[in-house]
Amino acid sequence: MKVRTSCAGLRNLLQGLSFSDKYRSKHNRLQTICLYSKIKPPKCRILDCTWSTCTHRTVSPGSILPWRFFTCKEGTKIPSKRKQNTSITTSELLYKNLLKSEQENWNDTSARYKAMTKRIKEKIEELHNKYTFNLRSPRIRFGENVYFEENGCIFLSKADDADEGNVDILFSTEDLGLSDAFIRQIRISPDQRYMAISLKSENSEETTCVIMKLGQFPVVEKVIPNVFSFEWATNDVLYYTSQKNLKCQDVLMTAFTNQKHTKLVYTEQDARFFVDIHLTKDRRFLTINSNSKTTSEVWLVDCRNPFKLPALVQARTKGVIYHIEHRNDELYILTTYGEPAEYKLMKAPVASSGIENWQLVYALEEKTKLVDLEMFSDHCIMFLKNAGQLYLNVISFVSHSVQSIKLPTWACEFELESHPEHTTSTCYFQLTSPVHPPKRFAYSFKQNNLIEQAVQEVPIITNCHTTRLLAKSKDETLVPITVFHNMNSKELHRKPLLVHVYGAYGIDLNMSFKEEKLMLIEEGWILAYCHVRGGGELGLRWHRDGCQHNKLNGLHDLRACIRLLHQRGLSQPKYTALAAASAGGVLAGALCNTDPELIRAIVLQAPFVDVLNTMRKTHLPLTIEEQEEWGNPLADEKCMKFIKSYCPYQNIKPQPYPSVFITAYENDQRVPLTGILRYVQKLRKAALDYASRTSQKVIASFIVPGNRIPNIILDIQASGSHCDSSWEDSLNEVARHLAFLNKELEEVCHLQHHEKSCK
């Protein structure tokens, strides 16, 4: 989750995916949430809403109709034709019984981790205070005014006084009685008369947009529920998307002129597409972006005339993704059009924007990941990854040159700062890694060089060694691994190893700074990040080679990575743990079934472990759009059999398993809790069946050395959701996970001591 303001959509558009890693910050809660993109429509319906009557007009996909078709009186509800599912009483009863059983099991089990959890929490908080106390909240600068958010409040200060405490409070969640909500996005109107804020509860993915009229005494002008993205087209015209059941398919416009009104601008009926809006850096156009995971379509709203009909840039073409920026009456198009099907920067005149007029400006090198892009008046900066190394490519539109700058080798993640004014002469960003706190850098267009911002920064950690390895997968593909360990550690083959994996949706592993990762390094752990296929670390092809019928490639990659780590003397199976979240649970769960001997323990957060049953349930909000990632088992028997061959739930069998700790959320709208409950029950039964078949005496939870009954624990959280939890809840989750892993590895040590005593 990245903090963006005037250019908030582009990085999310590049990722545009359904599952996101949880973002955790104690103080800085201003953030943008991942997109949940959706492909090609059979038909779209434009709703003709006048007062309280609605009729359907069938038109071409994503069509724009004249304004008279969209006049909606405020408060008019658009009826849904979706049928409501009728709950089956027996299923509800079974679910409640399973839920109660797992909650009781956790209550009985949690006591053994209590003391260690407390110690880990204290250590993480100590590191948090040490390394993040001086990190400022993101600043939004408009001329001489600076806006920023801290602890649920939005402040205004003059640029020269921002660090001296001379600030005015413009907004407070507590004053509105919304103390459990956090601020997700802020948008300031060009003349700074209005401020739009989105608020989100940690227990829900629904957001509310509050529009404030600024002045000596700021007042709430309007409250709009279920808003995902929003931008000011002019001083008093706000465009926004409406989110319902995790889908965004409607774009609306609300005006705060003398004649206040709200109108429906665009609607998308294909469930595979997700709609959001984005403002070009120069504020010339507002773009309506309809994206699936493989296909895009963009409409332009002229910010000089926001009531004019949006104009289509290029009709959707299957397999072509594109996003729009603007400069000097030309559209700059970031697109996958042409060969190879990786991102390229192209341009076309605004007046003739069709694909036949797109001209190449710059093409990425093979196996290069475009992380982010920022447009300025005379330059474009591309943030790139290649084989784990970070680069800046600075394109000059004046000299028609490209400068490539290699960034420090310790850096693993970019964090682009807000640049509301496209004429600025400096681009600010931060670099970080799992064990390095964010460090601020700047690129000066005038001096053509990189500047390290050293004022009040925490020094880079010097006792951590970073290594990049390549593992050879089953088909000879080389898979990158990033490894961290303490430089002072000896006998690395006896050190605990924590392996991280994701491998889905083209999303990179989250490698931003986390206090608990630094704590593990200090305590002698080895951290390994396996950049397997299905993720996006080596570009779009890397994702394509690990999704749908290629999903097994990610499993082969993960197996090869862990084996290489052990071969290199980095730990060994009995000291190895695996961590995954969300869709990363597919590969982690599959590895438990195919190669349980490679790992001792596994921790999963809201894992997707019941792929086949979930993809069969089209009434779930994300099933249709997810077909481009996993396939459609209902329409394709071959696809059904393939998913069944690797689905973690489907392939559980009586055999030795590693110990498993799963955190799940009652309010999770993305990964159904029912699937996790079934998975845990089946896994626990298989482990016990195997133990009984061995017909060996059980002593203190062990059968014989190397042949044990694993601990399989499910911790169900009543609060929190798939994407967000409070600082305290997240801290507790992390501490419980690490306490579990420490206990599991302690048992290995105790067992070895027992063996020696027996001998």
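**Briefing: cores, helices and aromatic pairs in a predicted model**

Of the chain's 759 residues, 60% count as buried (under 20% relative accessible area with a 1.4 Å probe, protein chains only; exposed is over 50%, and partly exposed lies in between). The model is predicted: local features need pLDDT of at least 70 and side-chain atom pairs count only at pLDDT 80 or more, while totals for chains, interfaces and linings use all residues. Residues are numbered from 1 along each chain as its sequence is written, and side-chain values use heavy atoms, leaving out hydrogens and water.

**Overall make-up**
- The chain has 12 helices and 41 strands, which are DSSP runs numbered from the N terminus (helices H or I, at least four residues; strands E, at least two).

**Nonpolar cores**
- The largest nonpolar core holds 108 residues, and Ile481 and Leu558 have the most contacts inside it; a core is a set of buried Ala, Val, Leu, Ile, Met, Phe, Trp, Tyr and Cys residues joined through side-chain atoms within 4.5 Å.
- Helix H12 (residues 727-758) gives the most to this core, with 9 residues.
- A second, separate core has 19 residues, including Phe376, Phe383, Ile405 and Leu431.
- Leaving aside neighbours within four places in sequence, Leu558 is in contact (heavy atoms within 4.5 Å) with Val499, Val501, Cys530, Val532, Leu578, Leu587 and Leu591.

**Helix H7**
- Helix H7 (residues 584-594) has 10 of its 11 residues buried, so it is largely enclosed by the rest of the structure.
- Among the buried residues of H7 are Leu587, Leu591 and Asn593.

**Lys517**
- Lys517 is found in helix H4 (residues 515-522).
- Lys517 is buried but has no salt bridge; Glu516, the nearest side chain of opposite charge, is 5.0 Å away.
- A salt bridge is a side-chain nitrogen of Lys or Arg within 4 Å of a carboxyl oxygen of Asp or Glu.
- Not counting residues up to four places away in sequence, Lys517 touches Pro434, Val435, Leu498, His500, Leu527 and Tyr529.

**Aromatic rings**
- The count of aromatic pairs is 23; rings of Phe, Tyr and Trp (its six-membered ring) pair if their centres lie within 6.5 Å, with planes under 30 degrees apart counted as stacked, over 60 as edge-to-face and the rest as tilted.
- Phe142 and Tyr147 are edge-to-face, because their ring centres are 6.4 Å apart and their planes are at 85 degrees.
- Phe142 is buried, with a relative accessible area of 16%, and Tyr147 is buried, at 2%.
- One aromatic cluster is formed by Trp106, Tyr113, Phe661 and Phe740.

Notes:
Lys, Arg positive; Asp, Glu negative; His and termini not counted.
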